[in-house]
Amino acid sequence: MSGLKFVAERTGDGAGQPFLDTDNGEELMHVQPETAVVLGIRPPESPGTLYITSKQVVWLSDTDRSKGYAVDFLSVSLHAVSRDPEAYRDPCLYAQIDNGVEDGESEGSSDEGDVSSDLSRITELRLVPSDPNQVDTLFQIFCDCAELNPEPIEEEEEEHNWIFSADQLENQEAEEDSEWMISQNSTHPIGHSNGDHDLAHNVLQLQINDQRFEDAEEMDSDSKNGHHHS
């Protein structure tokens, strides 16, 4: 995840449009003209045009062809409609950006310097359309595009592979039972690094002995009862 990026190149005449990675299936999903962008605690930048693609959100300035910003949907950790005037004076779409930077290193206290390097510190973004009624539309499009970009879960599964569902535990127990049966077969010796299976064998043997003892008691009781009735 790369967070917010600076966009300096466009295609087409006039204000132009962002380049799309069509080779990888990127498609333009929505265009929202007359939209201001607010980066973190900075003042709003306007006017501009918002381009929402199947992979990213791009804002391009209408007056400065060299100014634009983009963020991949994989870097957008949260988005919501904001109509609270205490949070921001105009209705807008609020988004949190995962920039991969540790807490305390994000924007807010940095001096004005290189714009592209400062962008990596941005963790909040507001998109303010001139027509407040378009906020809900933008929110729904964000939802649709977020579904097209699910978070990779391979690493998370590896980190939390000690959490099992009930079905997984049953399968694991079944595998251990079958493994124990094989290990008891002298024609298929299997080595084990711990004594768990020896313990399991002793417990099972104890259960078998208990069962035999109960059976013997029942037989003895039945035979006594039989004598009393005769």
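Predicted model: local features only at pLDDT ≥ 70, side-chain atom pairs only at ≥ 80, totals over all residues.
Tyrosine 69, by contrast, is buried, with a relative accessible area of 4%.

The structure holds three aromatic pairs. In one of them, the ring centres of phenylalanine 6 and tyrosine 69 are 6.1 Å apart and the planes stand at 70 degrees, so the arrangement is edge-to-face. This pair links distant parts of the chain, since phenylalanine 6 belongs to strand β1 (residues 4–6) and tyrosine 69 to strand β6 (residues 68–72), 63 residues apart. Together with Trp59, Phe6 and Tyr69 form one aromatic cluster.

## The pair of phenylalanine 73 and phenylalanine 142

Phenylalanine 73 and phenylalanine 142 also form an edge-to-face pair, with 5.3 Å from centre to centre and 75 degrees between the planes. Distant parts of the chain are again linked: phenylalanine 73 lies in the loop between β6 and β7, and phenylalanine 142 in helix α2, 69 residues apart. Phenylalanine 73 counts as buried because its relative accessibility is 5%; phenylalanine 142, at 1%, is likewise buried.

## The sheet and helix α2

Helix α2 (residues 135–148) lies across β7, β8 (92–97) and β9, and runs at about 160 degrees to β7. These strands belong to an open sheet of four strands, ordered β3-β9-β8-β7 with antiparallel pairing. Its edge strands, β3 (35–39) and β7 (76–82), each pair on one side only. From one strand to the next, the twist averages 20 degrees.

Strand β3 is joined to the antiparallel strand β9 (residues 124–129) by five bridges. Valine 38 has arginine 126 in β9 as its bridge partner.

How values were computed
Residues numbered from 1 in each chain as written. Heavy atoms only, no water. Pairing = 2+ DSSP bridges. Helix = DSSP H or I, 4+ residues; strand = E, 2+ residues; numbered from the N terminus. Axes fitted to C-alpha atoms, helices over the stretch in contact; angles between N-to-C directions. Contact = heavy atoms within 4.5 Å. Phe/Tyr/Trp six-rings, centres within 6.5 Å; stacked < 30°, edge-to-face > 60°. Buried < 20%, exposed > 50% of the residue type's maximum accessible area, 1.4 Å probe, protein only.
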